[in-house]
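Colleague: Please put the model on screen, and we will go through it by question and answer.

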Amino acid sequence: MTVGKINVQAPNFFTEQEQTNKHKSIDVFVLGGDREMTSMPFNDLPKGAIGPLALPLSVEGIADSDTQGHVPRDILINGTRIVIPYWSQPEEKDQLLIFIVRDGIETTLYDITYPNPLNVPFLYFDLTPQHLATDGVVFLYYKIWKGSGGNDDPSPKRQLTIDHTPLLKLLEPVFPHATLWGYLNNLTKPPLTSGATVRISALTTIAAPGDIARIHWRGYSTLNGSGPEVPGTDGVWDKPLSATDIANGFDHVVPYLPHIVSLFDNDSAVVVYQLLRGGRLIAESSKALVKIDQVTPGESGPFGLNQGEREMTAQEKIFRARGTPPEFGVSGIGIFATEISADTVADDFIPKSQLDTGKIIIKLAAFSEQLDGDDCDVWAAVVGQTPVRIAHMVPLGPVIGRPDPFLIELDAAHFPDVPQPAGPTEYIVKVIVYKDSAGTEDPSNEIRIVIDKNPPFGLKFPTPRLTPPVPAAIFTNAPPDSQRTVDEVWLRVAANANLQLEFGVGFANHRLDDELELHLVSGGVDKVVPVGTVPVDGKVLVPSSELRNLPNGRVLAHFFWIDHVGNRSASSTPAPLLTLALALPPVLRKAPLVPATDPDGTNTIYLDDFRATGNIRAIVQRAFIDNLEPGDQVMIYVEDTSDPTNYKELGPVPINDVDVPFTLDYKGFFEDLFGTYEEATEFKIWTEVVRGTDTFPSPELFFWAYLYPSGGVYPELPGDVNPAFALPVVTGASNTPNDLQPGDRDKPGKIEVTLKITEQPLSSTETATFYVAGKYVGEVTPFSDTIKFSYDITAAVMAALPTPSTLAYWTRQKTGIDKNITKSSPETVLVSGKKIDLLAPTIRIRNPLKVQMDCYAMNNAATDWKVAIGVPKDAVNLPQGTVITMNIAAYSDEAGTNLIPGTPDSQPYTILAPGVPDVVGVGSAAIFKLAQPRRGAVAWIKYWYTANIGGVQTSIPIIKKLDTITSSSEYCDRTPVPLT
């Protein structure tokens with residue numbers, strides 16, 4: 001997680017239905033044609049609103065039961081974490097904002113958008129000491145914007161009380177039953193098994209009734225309360241204080257089980273108590289130490305834990321006899337112990353870093369025959385003087401767990417750097433190991449250590465003091481003018497790539513491994529130039545480029561010597577070195593301007609931005625660059641914030657006194673940067689001024705780009721047509737693909753897409769939208785992945801389609817984001833004209849009460865058997881010259897569903913001039929005889945005509961009874977009708 005504010009502008013587009021389905025809303029949206037949103041203020045909640053809905057946050061280390069939220073001192077020093085329960089029903093692009101409110105002023109601590117839902121129970125965010133730096137009452141809360149949309153979900157506010165007031169100091173607790181040597185042991189009365197009594201002194205000047213005294217007990221496996229705690233021995237007890245407790249003090253008994261039982265041998269406990277008021281810590285005591293020994297006298301155990309309570313034994317007398325200094329260089333009784341050593345730098349010098357701790361560590365390596373009771377003495381002396389015992393009976397501890405090497409900590413005060421002679425002080429150190437703490441001694445080797453606390457140019461006698469190093473630095477290749485002016489001309493000379501300086505090295509106790517630290521000072525700027533060791537001739541080279549970060553003007557030099565031990569000299573007296581007159585470094589005060597992301601990178605860049613203009617621009621604004629020089633150039637960098645290796649650069653190009661625009665193309669630039677990402681990605685852009693080999697960067701502008709087109713990447717990007725998309729199919733009631741008949745024009749139709757095998761299925765996060773004749777028809781968002789989807793076209797839309805053809809296409813996009821919309825290629829749909837009600841054809845009828853087709857309707861039944869069908873004159877729809885087709889067909893049922901095979905017939909006809917009747921002869925003897933092949937056969941005839949008028953138009957078919965058999969059982973041509 002990135003700490004700090006992240007400026008994220010998530011798209012906030014919802015369909016009208018999605019706005020309706022949002023829940024937990026405290027906002028009211030008014031959606032117009034442009035989908036504008038009007039948010040109701042939080043204080044104007046509608047009736048029934050219940051205020052914050054998100055779960056409360058918590059702060060680690062502060063009890064939820066503490067409603068005032070008093071911040072403990074360790075948290076004020078070290079910080080802690082805010083814990084937020086992860087919300088239910090997370091969505092893509094949920095936005096989380098965490099606020100801190102102080103004196104009514106709200107500040108955003110974190111602003112984070114999660115591209116995808118997480119699978120975690122809690123989210124954690126640092127609450128730093130800087131956040132808690134100011135005393136007072138603050139409130140923390142957070143707010144969730146689901147899907148980065150318009151419904152916010154605020155949490156309750158958590159109060160924190162911050163108080164850095166220094167703690168009052170309480171008297172150290174005491175142990176009234178401990179011995180004079182500070183032990184609790186088997187002779188303690190009352191018995192130690194009854195517990196350890198801790199006495200707290202009166203608190204009359206600090207405490208008040210109702211305050212809490214909190215007592216902390218910690219057990220350790222050492223005698224000095226250091227090292228790791230003994231597991232299970234710790235305890236914390238709270239005691240509400242009464243007026244009597246405050247006036248007289250009180251005792252607290254630490255239970256034997258489990259807090260003391262494990263503290264058996266060479267152990268100790270540390271006690272601290274605190275005073276709390278209203279849950280807030282106001283005072284604390286110093287640590288009190290008690291030693292604990294549960295070994296019975298006379299049995300195996302460490303010697304001396306209770307020595308003050310018993311008379312000196314014979315064994316003790318042996319120890320008391322350890323008083324004769326060892327003869328350095330001689331092996332006492334002929335048996336050498338193991339080796340001792342010390343961490344030193346060159347020539348056995350103890351480094352200053354160790355001396356500053358106040359300790360000198362001697363390392364005693366493991367030896368062959370070790371016992372639990374082993375101890376040692378340490379002897380030391382200035383070389384040439386009589387040894388002195390500086391540590392007596394140092395216990396080495398149990399063999400099990402004894403470190404190798406064993407570290408002996410010696411007080412550095414035993415090793416002073418003596419005033420005389422002027423050089424360092426050399427010591428010889430030796431350790432004598434006593435087996436099982438008895439009288440058998442084992443001397444170690446001798447080691448030499450050198451103590452040097454005197455820095456270069458320092459004086460130890462008569463009193464230590466520092467003197468400035470001399471002489472001043474000599475500038476051997478200085479410019480020849482009296483002011484030693486270093487300008488761009490001087491720097492361009494190859495011989496002046498370095499300042500050639502010379503320093504004096506003839507001071508007392510100088511070593512070749514001493515190091516020099518040079519400081520160059522100008523205009524209040526003190527620049528450190530590490531030099532390191534200096535050759536014996538005192539000559540060093542300092543890169544002239546070190547001058548570039550200094551203000552122009554007089555440059556002074558001063559320096560320090562640091563010896564190989566780490567002692568640092570005083571500063572030399574600052575002396576004039578040169579006069580600086582360089583071109584000032586460029587200062588870029590603003591990131592480049594990217595208008596497509598305005599304001600300040602909050603707008604996401606989509607494919608639409610490139611489709612509109614072919615590219616976007618970044619503008620380097622000259623007004624926000626200071627100290628430009630002729631010849632300076634400028635570059636632009638764009639980098640993926642999650643992958644520094646994914647970046648692009650443009651330039652360098654000259655920059656003078658005008659803004660410099662950079663064209664950020666899609667091809668070869670953003671296409672490569674965005675790559676195969678399928679979600680919005682954050683990028684950063686910055687400017688660099690190039691001057692010679694130096695570069696000077698601007699601040700960075702962070703912005704988001706979302707350049708993924710639904711359906712996959714294709715070569716024509718950023719164009720909005722993907723030729724690989726399957727084409728739509730439009731059908732009407734006639735179910736003729738992409739060919740709408742007149743009879744389809746007044747009925748609903750359908751547009752449908754079946755994706756190719758190579759295409760990605762349409763997912764539940766995508767929407768397909770259909771268009772016919774350039775107009776929106778409808779959209780589909782599937783519940784699951786699908787390769788076939790469609791939408792019904794209303795009859796009104798079908799009726800309004802233009803003839804003779806129109807175009808249909810479909811688009812694909814991420815649901816709810818009206819950007820990066822990708823189209824299919826257009827599909828041509830043939831469109832016939834609207835249905836025309838042609839006048840019904842007529843036949844000759846002898847008897848108006850007997851409407852049927854019979855021999856009377858024939859032109860000449862005796863010869864050609866053609867039925868004469870009249871076409872009514874229609875100057876509008878059937879003008880002269882119109883070609884029509886007359887059709888007949890015979891059926892065995894009156895409904896006209898059972899066609900008699902072989903009976904259909906069609907004949908073309910051209911409409912004659914006005915006033916001339918139009919009669920079409922259709923049929924034949926064979927057709928009519930098939931319709932009535934035997935005596936008593938019953939048939940019906942259907943007749944109609946068609947004409948191509950903006951598409952095939954059809955008259956309403958007419959069905960009439962057919963009768964071509966006379967009463968003599970003959971056909972119209974007087975041929976006999978078969979009996980069967």
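Modeller: We start with an open sheet of 3 strands, ordered β46-β48-β51 and paired in the antiparallel sense. This is a predicted model in which local features need pLDDT of at least 70 and side-chain atom pairs count only at pLDDT 80 or more, while totals for chains, interfaces and linings use all residues. Residues are numbered from 1 along each chain as its sequence is written, and side-chain values use heavy atoms, with hydrogens and water left out.

Colleague: Which strands stand at the edges of this sheet?

Modeller: Strands are DSSP runs of E of at least two residues, helices are runs of H or I of at least four, and both are numbered from the N terminus. Two strands pair if DSSP finds at least two bridges between them. Each edge strand has a single partner, so one side of it is left without a neighbour in the sheet; these strands are β46 (729-731) and β51 (788-793).

Colleague: Is asparagine 738 buried or exposed?

Modeller: Asparagine 738 is in the loop between β46 and β47 (739-740). Leaving out residues up to four places away in sequence, asparagine 738 touches Pro728, Val729, Val730, Glu827, Thr828, Val829 and Leu830, where contact means heavy atoms within 4.5 Å. Buried means under 20% relative accessible area, exposed over 50% and partly exposed in between, with a 1.4 Å probe and protein chains only. Because its relative accessible area is 13%, asparagine 738 is buried.

Colleague: And asparagine 549, is that residue buried or exposed?

Modeller: Asparagine 549 lies in the loop between β33 (539-543) and β34 (553-562). Beyond its neighbours within four places in sequence, asparagine 549 is in contact with Val525 and Lys527. Its relative accessibility is 56%, so asparagine 549 counts as exposed.

Colleague: What kind of aromatic pair do phenylalanine 415 and tyrosine 427 form?

Modeller: Rings of Phe, Tyr and Trp (its six-membered ring) pair if their centres lie within 6.5 Å; planes under 30 degrees apart count as stacked, over 60 as edge-to-face and the rest as tilted. The structure holds 25 such pairs. In this one the centres are 5.2 Å apart and the planes stand at 75°, which makes the pair edge-to-face.

Colleague: Over which ring does the charged end of arginine 81 sit?

Modeller: A charge sits over a ring if NZ of Lys or CZ of Arg is within 6 Å of the ring centre and within 35 degrees of the ring normal. For arginine 81 the distance to the ring centre is 4.2 Å, and the ring belongs to tyrosine 124.
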